Structures are given as C-alpha cells and as structure tokens.
Amino acid sequence: MTIMDFPTFMQQVVNSLSLGSLYALLAIGYTMVYGILRLINFAHGDIFMLGAYFAFYAITIFTLPWYLAFPVAIIFTVLFGIILERFAYRPLRNSPRIAIMISAIGASYLIENLGVMIFGGRPEAFPTIQLFNQIFSIGSVKVSGVSLLIPIVTLVVLLVLFYVINKTKTGMAMRAVSKDYEAARLMGVDVNTIITITFGIGSGLAAVGAILWGMKYPQLIPLMGLMPGLKCFIAAVIGGIGDVRGAVIGGFILGFGEIMLVAFIPDLSGYRDAFAFVVLILVLLIKPSGIMGKATVEKV
Amino acid sequence: MLEIKDLQVHYGGIHALRGISLNVEDGKIISLIGANGAGKSTTLKAIMGLVPKTAGSVLYDGKDISQDKTRDIVKNGLILTPEGRRVFPDLTVDENIALGAYTRNDRAGVAKDRKWVFELFPRLEERKWQAAGTLSGGEQQMLAVARSLMGKPKLLMMDEPSLGLAPLIVKSIFSIIREINQAGVNVLLIEQNAKAALEISDYGYVMETGVITISGTGKDLLVNDQVRKAYLGE
C-alpha cells in the first residue's frame, strides 16, 4: 500500500473521473442496444475504434480543424452503427437469439480485420490539439486539460441523453419498445425506426468516447476497441444491463477501481485489466441482475 | 366501415384462420366469441398487421388495408387493446396515455382527449404519476382502454377486456364500452364472457377452429340453442 500526498491523490481522482467517463460513454451503447434488442453488440468496441480512426483521418488526411473533424467523425460513426444494424442484425431479427449473437461476433472480427487491412496494423498517433493539452494547476494539483474536458463533455452528453430518454416522445417510445415490441407497435410506434435511433445514439456516444480517448491515450491500433469494449460490456452488466443509469455507474466503478488499484498498490499494476473481471465475477455471484437491475422472469 | 373477406392466416405451420368474413357497421358493437384457440385474437392481430395474412382482404371504408403497416393502420383509427392489457409497466400512467397518442400531431385534440379519458377513468388521473406496473389489474385494464382511446379510434378492438377481473370491475368495464360506443366509436369485442358481450352487442360472430360458424344479432345469439349450450353454459 502506497501512502500518497494530497495533490497526487487528487490527480488520481481526476484520472479516475476521466477514465470512468470514457467507460460510461461506451457502456451506454451496450446497455441501450441490449435493452431494445436483447443483443450484446460485440461489435460495439470496434465501432468505438472506428470513431477514433475517423477522427484521426479527418484531421491528418483531410486536414480538417478539430472542431469540424470531430463532428464529421461522429456522424460517420453513427452512420456506420446504423448500417451495421441494418445488414448484420436486422435480417436475423426473427431468428433464434444465438444467430444474431454469432452475427455480432462475426461483425466484430470483420471490422477488426478490415481495420488491420485498411488502416494498417502499425499504431498511429492521435493528433495533439494544443487547446486541450495545456496543463492546469488548481492549487497544488496539476491536471491536463483533457482530463478536465472528458468529465465535462461526458456530463453534458449524459444530460442531453437523459433528457431525450425521459422527456421526449422518441425516448418514451424507446422505453416502450424495450419492454414490449408488440404493444409498442399497437401504439403506432415504428419499431425499426426506434432500433435505428438506438444504434445511432449508441454509436454516437462511442464516437465521442473514442475521440476523447484518443486525446488522452493517443495511440491508435485497429484492435484498440477490444479491451475497452470488453470492460464496458462488463460495466453495463455490473450496473444492470438494459439500464442506462446503471451503465454510467458501472463505468465509473471500473474507472475508479482500475486507477486507484494501481495508485495505491503499484505491485498489482499488471493486474489492472483483471480488475473489471474480478468485479464482474463478484457482481454475478452477489447480484446477477446488476446494481440497478431488477430480477426479471423470462416469459416463454 | 370494416369489411373482412375470406381472411386466412398461417401461424407456424398451423392454418389458424381458414377464411374469416365479417362486417363491422358504423355505430355498432360487434362481438366475436368462441373457445380458446378458435382464432379470435389472431383475427384481430391480422387486421392490425401484426401477423402476416396468407389470403383475403381487409376493407376499411372501402379501401384495402391488408398490406398496410401497423403504424398506418393505427394512424387511420383502427386500434387494438391487446389481451392481457400490456401496459408499459415502467412508464407512468401519464406516459402510457401519452404513448397512446403517439401517431397524432394535433396537440389541442390530444389534450382534449386526455381530459376525456381522465373523466372516464378518474382513478387514472389520481394515479397519473405512478408507474403503470403498480396499478391493480382492473386499473391496468382501464389504462389499456384509456391508452387506446388516446389514438382517436374509429374502430376500437378489444381482446378479452374482462379477463381475470373481479365481477364488479367487469361490470364497469362493460358499461364503459357502451359509453365509448355512444361517443361514436365502433367496437369489435372479443370475450370469453359470452353472455355479457352478447348483451351489449348489436351483432355477434361465433368462431370455431379458424372459421365462423354462427352469426346473428346479439339477441338472436343469446337465445340460439347451440350458442347457449356451447358458450353460455346453459
């Protein structure tokens, strides 16, 4: 156990907040898609990877300034997520659930390997944006602009998301579809449209997460979505899959857990990635439905 | 207003509807009775476009809607209150009611109808902030009906509205159905409570394993020997 001074501790808190935010943004995509399709979208981590690469190419090849490059990257990622659902999942909507899951795993491998082919397996460096890379001193605590930016952007995005889900007609329809397809259709809700919107939102949040991720950990490889994807799936399960608030909570638990584990017990730093899985096992043993989840009885 | 001709449905290898023809005339309450598995619910689902039809036509005000999407059918005023109520348990009563008006864009009309359903079901107004899943069975049925009314139905189809409810509540549901009909909404009713249904119906159809076997006015069916034996338990 390491004893640390206050400024170092606060720096770790800021780091935890930003890592937790990134996990939360990615975990929401898993949980929303699961909530509506009962599908674990295994390709979600790869959509995250694409978001980072789209932003990278928008800045490096198309030489767009960041304030244009980022929205363009987000839009392309959203479109990609929608296309993925349209071609990989929708044709299997009425097939046994295992088929659509296998399709998701296949899509994940396809995107990763296409990534290696097209982007190349060599790591790329995410461009540095001066504005966000300044170091701020708050008292004796030094933090980078990116570490402050990440939680702020995440907070704003989450507020908008919760507003959409809870206060708009579309959000209401999304909640209805996640409970009962047929009853929602009887209200005149077009289920396909709602599913498209869900994939769009999930992919958009993944793109926001990917761009922020790129600014904080500026190394891009086509497999970069693998581990965050897996962890954020775990975050969604910890929080109670299907519940957006749960995904946020799960994301922050993992973010804080990982950073603090390494900060306080540096000897365990090699086990950093294992932390998520240990928490997963504990949650599954103690409360399998997750923190916010309700135990449900599956109707046959 | 609704004319169904030779409607056929295959359901996972079963010929569930073998050619159903029925008519709903303006201003009337029509009921469809029959044993479990006769195909009553399938008939309504087929009208709504929830199950694919293999043959036949559904004419609504003279226009064939048998290939229309569910959302367009709902928008045109054909609304189904499904069996088992199917309210959205996590949504509040008010949100369930708002979802009933999902396809409508006339804000003033929606607000007016919301007031109207709260007058019909004052209990729901008292509980409008409650999650629908916390309501009693009877209240959930009221919510399901209220939600359907919010879609501004010209024809309201109700699948087993009295199922599993206490006799007193059943009575009030039936008097509400009458009230709704008097407000100008046509009603197509499926009921296992054949007696209560026929008593308020202008016309009735009896279904048996995918076909209609008997039809007649509500009064005629109530005194029909076959109907009395098989469905009224007399």
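This is a predicted model: local features need pLDDT of at least 70, side-chain atom pairs count only at pLDDT 80 or more; totals for chains, interfaces and linings use all residues.
Reader: How do you know that the span of helix α5 of chain A agrees with its number of residues?

Author: Helix α5(A) covers residues 145-167, which is 23 residues. The expected span is 1.5 Å times one less than the number of residues, so the helix should span 33 Å. The end C-alpha atoms of α5(A) are 32 Å apart, which agrees.

Reader: What makes β2 and β3 of chain A a pair?

Author: Two strands pair if at least two bridges are found between them. Strand β2(A), residues 135-138, and β3(A) have four bridges and run in the antiparallel sense, so they are a pair by that rule. A:Ile135, for instance, has A:Ser144 in β3(A) as its bridge partner. The hairpin of these strands has two residues between them, and A:Gly139 in this hairpin takes a positive phi near 60°.

Reader: Why are β2 and β5 of chain B called edge strands?

Author: Four strands of chain B form an open sheet in the order β2-β1-β4-β5, with antiparallel pairing. Strands β2(B), residues 14-24, and β5(B), residues 63-64, each pair on one side only. Strand β1(B), residues 2-11, is joined to β2(B) by eight bridges, and these two run antiparallel. Within that pairing, B:Leu7 has B:Ile20 of β2(B) as its bridge partner.

Reader: What is the strand order of the six-stranded sheet of chain B, and why is one side of β6 and of β10 left without a neighbour?

Author: The order is β6-β7-β8-β3-β9-β10, in an open sheet with mixed pairing. Strands β6(B), residues 78-81, and β10(B), residues 211-217, stand at the edges with a single partner strand each, so one side of each has no neighbour in the sheet. The twist from one strand to the next averages 15°. Strands β3(B), residues 29-34, and β8(B), residues 186-190, run parallel and are joined by four bridges. Helix α7(B), residues 167-182, lies across β3, β7 (155-159) and β8 of chain B, at about 150° to β8(B).

Reader: How do you know whether the radius of gyration of chain B agrees or disagrees with that of a compact globule?

Author: For 234 residues, a compact globule would have a radius of gyration near 17 Å; chain B has 17 Å, which agrees. The C-alpha atoms of chain B fill a box of roughly 45 × 40 × 35 Å along the principal axes. Of the 234 residues, 44% count as buried. Among contacts in chain B between residues at least 6 apart in sequence, 68% join residues at least 24 apart. The secondary structure of chain B comes to 10 helices and 10 strands.

Notes: Residues are numbered from 1 along each chain as its sequence is written. Chains are lettered from A and ligands numbered from 1 in the order in which they are written. Axes are lines fitted to C-alpha atoms, for helices over the stretch in contact, and angles run from 0 to 180 degrees between N-to-C directions. Two residues are in contact if their C-beta atoms, placed from the backbone, lie within 7 Å. The radius of gyration is taken over C-alpha atoms; the globule rule is 2.2 Å times the number of residues to the power 0.38. A residue is buried if 20 or more other C-beta atoms lie within 10 Å of its own, exposed if 12 or fewer, and partly exposed in between; C-beta atoms are placed from the backbone.
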